[in-house]
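Here are some friendly notes to read alongside the model. Please keep the structure open while you go through the points.

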Amino acid sequence: MERGTLNLWVGIFVLLGFISFLMLAFKVGNLTAGGSGSTYTVVAHFDNIGQLKERAPVRSAGVLVGRVQGVQFDPVHYNAEVTMAIDSQFKFPKDTSASVLTSGILGEQYIGLDAGGDDKMLKNGDEIKLTQGAMVLERLIGQFLFSKAQEGNADKGGQK
Amino acid sequence: MPLERTLRGVRLIGDRTLRIVERVGATVAFLGLILAQSGPSFRRFGLVIREIFYAGVQSLIIILVSGLFVGMVLGLQGHETLQNYGSEQSVGVLVALSLVRELGPVVSALLFASRAGSAITAEIGLMKATEQLSAMEMMAVSPIARVVAPRFWGGVFSMPLLAMLFSAMGIIGGFLVAVVIIGVDDGAFWSQMQAAVDFRHDIVNGIIKSVVFGVAVSAIATFEGYEAPPTAEGVSGATTRTVVSSSLAILALDLVMTAFMLKGWN
């Protein structure tokens, strides 16, 4: 085959490959969201993190603002230490609260941030003090049964 | 008597195993030889471009069409099952993640091995059978540098491009079936996909996989051709072995890489 035709076809092939790379990166992947790259990390301690995993989303008002960087057990306080990387363009007040939430009934778990009213903003390495752990279904059912049983006891007590 | 028979059986197993290990070792040694002699193929890049044409461009049709079909089937099957949980919109996530992480690199590498790998083996094997390689050696031209290395690099460059084209085509196929034909919401399809697919952990890892498969398939194909017995049966046997061993290598390497990538060692 002639050299020029060969080069043309290989050029078309490489261009097609490059276009599909761009499509994968921007249309399929999330390179645009959080692509700025610069983040700051904050730490939070939770009683129970449920099924929260690394790379789980961190949302505020439902918008993605960062990702969970690491989950560790804190052997001093006997709770879970969660490190979050938050996009530098979003600043949160020092008294922001963090809670482990679930998207949908069976969906993945994420961290929800509710902004507080402090003048000072969270910096790299700060800790979020106000936290609420995950709702564990078994505990909820247990509490419900316990309260039902107590109601039943109270009713009996009233009849006597 | 029964002891002797058992011993013979065990010896046979040992012999087979050693042969397989020898073959793997020889392929890796051959890969080292190619790498050591690939200087000329970069100085005369036209040689590699020619091989990218034969390995990559000529595999385009099969890759694009199979990608489209695989994506469409994923869309249909995914929609069928996800419907039971009332989350049809997640079909985009299912299609994109399975293509980008697994099916894109793996299926395109399997197709590449049977479409281009077998052709490379047959070509080099026939060159050897017709003593073209010996003739080159007589003229003090290294056949590895002149014939093998350009084909190897052509395969290594083509493979990731083909894998990305396969994934992109598959996602378009999934989109056609799920959104255009079945009627899943367009916005939810793409937005859930974008929320779930991570550039670094899904797309880049998929590309890394396809590069590794490209190296494996090209090394096996050139090795089998170069080591083929110079007869008609020898070349046909080598072509078959290329397809069989590269398919096995692709699937085994995929398991190992997936295990590491999901654990997140990078």
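1. Let us begin with a single residue. Ala26(B) counts as exposed because it has 12 C-beta neighbours inside 10 Å, and a residue with 12 or fewer falls in that class. Please bear in mind that this is a predicted model.

2. You can find Ala26(B) in helix H1 of chain B, which covers residues 2-36. Although Glu227(B) is 201 residues away along the chain, its C-alpha atom is separated from that of Ala26(B) by 9.9 Å.

3. Stepping back to the whole chain, chain B contains 10 helices and 0 strands. Read from the N terminus, its elements run α-α-α-α-α-α-α-α-α-α.

4. Chain B has 266 residues, and 45% of them count as buried. Its C-alpha trace spans about 65 × 60 × 35 Å along the principal axes.

5. Among contacts in chain B with a separation of 6 or more, 87% come from residues 24 or more positions apart.

6. Now to the partner chain. Chain A brings 19 residues to the contact and chain B brings 24. On the chain B side, the elements giving two or more residues are H3 (45-55), H5 (91-129), H7 (143-182), H8 (186-196) and H9 (199-226).

7. Which helix gives the most to the side of chain B that touches chain A? That is H7(B), with 6 residues. Sorted by class, this side of chain B holds 17 nonpolar, 4 polar and 3 charged residues.

Conventions. Residues are numbered from 1 along each chain as its sequence is written. Chains are lettered from A and ligands numbered from 1 in the order in which they are written. This is a predicted model: local features need pLDDT of at least 70, side-chain atom pairs count only at pLDDT 80 or more; totals for chains, interfaces and linings use all residues. Two residues are in contact if their C-beta atoms, placed from the backbone, lie within 7 Å. Helices (H or I, at least four residues) and strands (E, at least two) are DSSP runs, numbered from the N terminus. Ala, Val, Leu, Ile, Met, Phe, Trp, Tyr, Cys and Pro count as nonpolar, Asp, Glu, Lys and Arg as charged, and the others, Gly among them, as polar. A residue is buried if 20 or more other C-beta atoms lie within 10 Å of its own, exposed if 12 or fewer, and partly exposed in between; C-beta atoms are placed from the backbone.
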